[in-house]
Amino acid sequence: MKDKKIIIAGLLIFLIILFSPFLYNIFVNAGSAQPAPELVLTEKAKAAKECVRSTDYMTAEHMRVLDLWRHSVVRNAERIYVNSKGKEFTMSLSNTCLDCHSNKAEFCDRCHNYASVRPYCWDCHIDNPKEKE
Amino acid sequence: MNAKYIVSLLAVVVLFLLAYVGVEAAGLQVVFGIIIPYLAFVTFITGFIYRIMDWSRSAVPFRITTTAGQQKSLPWITDDKVDCPSTSGGVVLRMILEIAFFRSLFRNTRMKIKEGTKLSYQLEIFLWLGALAFHWAFFTVLFRHLRFFTNPVPVVVQLVENVDSFFRVEFLTDIIQIGVPGVYLSGLVLLLAVTYLFLRRIFVSNVKYISLASDYFPLFLIFGIAFTGVLMRYYAKIDVTAAKELTMGLVSFRPTIPEGVSPIFYVHVFFVSILLAYFPFSKLMHLGGIFLSPTRNMTTDTRARRHVNPWNYPVKVHTYDEYEDEFREKMIEAGLPVDRQPVDTQPAEATPEESEEKE
């Protein structure tokens with residue numbers, strides 16, 4: 001029947017769509033499946049050993065920490081953060097976070113690009129004087 | 001209480017526990033992260049092809065289009081080119097509107113008897129709204145997930161992400177903090193819509209009456225998928241880069257199990273795998289089936305063209321004339337009336353012979 005050709009053509013289009021991620025990674029962008037980017041720590045960060053919270057917590061939840069920090073600084077004018085070990089930190093992206101992690105391009109951007117995350121932190125904190133290449 | 005949805009709910013809970021315990025206690029990351037997803041994908045593909053090819057063999061002897069407009073006939077009668085298409089262009093347009101906007105569902109009406117004997121038809125729009133929200137949200141979510149299967153992420157996907165997170169929802173309390181990462185509208189719409197579609201089956205009594213376990217199970221499963229997804233993004237956050245490392249491994253046939261991926265992620269992947277494997281054997285096949293709706297995808301040219309049943313074959317007939325030729329003498333003997341008298345015998349002469357014999 002003549003409809004069969006149309007049905008098979010439609011099925012082929014569906015299969016191509018379905019396999020497009022596979023095809024993209026094999027033909028268009030071969031070798032793009034490199035492992036997740038390594039976190040590059042500066043000497044200062046290595047020396048500090050631990051961030052404001054544990055590393056596991058920070059990898060997953062750092063955006064929540066930053067959001068809460070912003071909220072508490074901007075809305076409540078509270079600038080001191082005390083972590084579970086009783087250590088005090090000034091709540092500041094530019095002055096606290098980027099003080100140790102001064103390598104934004106290597107520490108922040110590589111993972112953000114990998115995961116297609118475009119945080120609006122850098123809309124304001126763009127001219128970070130502490131950033132070093 | 002209704003066994004049909006309790007069983008479906010229990011099935012999804014068991015699947016959740018299976019994946020959670022399997023990963024958390026038994027350490028079966030390879031099974032739930034690599035083997036089952038691949039098997040599910042293969043099942044989905046082969047099952048889908050099988051079902052479609054099976055349907056393609058179905059006979060379509062007649063034009064059984066349903067129309068919602070004037071058919072093309074005389075030149076001075078305005079015909080409806082989309083709702084009663086006489087050209088394949090019109091059919092394509094009708095199919096696009098059907099697939100993307102569910103026009104048939106939009107025409108859904110509810111019969112009611114008012115004031116004793118008056119029958120009225122009400123526009124019943126909520127199912128259409130719910131279905132539209134559900135399908136579009138699901139499609140957006142699915143499309144956004146391409147960010148886990150491509151590197152670098154294509155601009156189109158980034159664009160959809162930006163549009164989807166257009167509303168910067170900020171919700172900061174002591175227990176739940178939502179705001180960063182940006183809230184995707186599609187995920188929440190999907191959750192709400194699937195909840196509505198479920199509640200509809202529970203609370204509308206006549207819909208409940210016709211609902212089966214095969215209606216409830218996909219709803220619970222999709223709710224589970226959406227819920228675990230939303231959970232991982234906004235509440236029990238996972239290491240996204242590690243998750244992407246796993247999915248990229250799958251999609252480039254170099255599977256790896258990165259460390260530190262939360263069991264919720266494996267539950268999410270397991271739910272999706274179950275959905276994929278279940279897909280070809282279920283009502284979810286309406287994804288492919290809608291393209292083959294015989295009442296929608298044929299031109300309504302039943303008056304303009306003669307459609308002959310394609311499997312008509314020459315039938316061997318035995319007409320009455322032939323029948324009489326074969327049995328004429330026996331019929332005369334039995335005294336049955338015949339259309340034509342035998343040519344050779346002459347009735348006028350035959351009668352006296354017969355009478356002589358009788359004498």
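Let's start with a strand pair. In chain B, S1 (residues 109–114) and S2 (residues 118–123) pair in the antiparallel sense over six bridges. Strands pair here if DSSP finds at least two bridges between them. Strands (E, at least two residues) and helices (H or I, at least four) are DSSP runs, numbered from the N terminus.

A word on the source: this is a predicted model, where local features need pLDDT of at least 70, side-chain atom pairs count only at pLDDT 80 or more, and totals for chains, interfaces and linings use all residues. Residues are numbered from 1 along each chain as its sequence is written, chains are lettered from A and ligands numbered from 1 in the order in which they are written, and side-chain values use heavy atoms, leaving out hydrogens and water.

Back to the hairpin. Thr109(B) stands opposite Leu123(B) in S2(B). Three residues separate S1(B) from S2(B). In that turn, Glu115(B) has a positive phi of about 50 degrees. Glu115(B) is not a glycine. Buried or exposed, Glu115(B)? Exposed, because its relative accessibility is 66%; the cut-offs are under 20% for buried, over 50% for exposed, partly exposed in between (1.4 Å probe, protein chains only).

Next, helix H3(B), residues 88–101. Its burial list: Gly90(B), Val91(B), Arg94(B), Met95(B), Glu98(B) and Ala100(B). Just after H3(B), Phe102(B) takes a positive phi of about 50 degrees.

Another positive phi: Phe253(B), about 60 degrees. Phe253(B) sits in the loop between H10 (240–251) and H11 (263–278) of chain B. Phe253(B) is partly exposed, at 47% relative accessible area.

Last, a cis peptide. The bond runs from Asn151(B) to Pro152(B), with omega near 0 degrees. Pro152(B) lies in the loop between H5 and H6 (155–164) of chain B.
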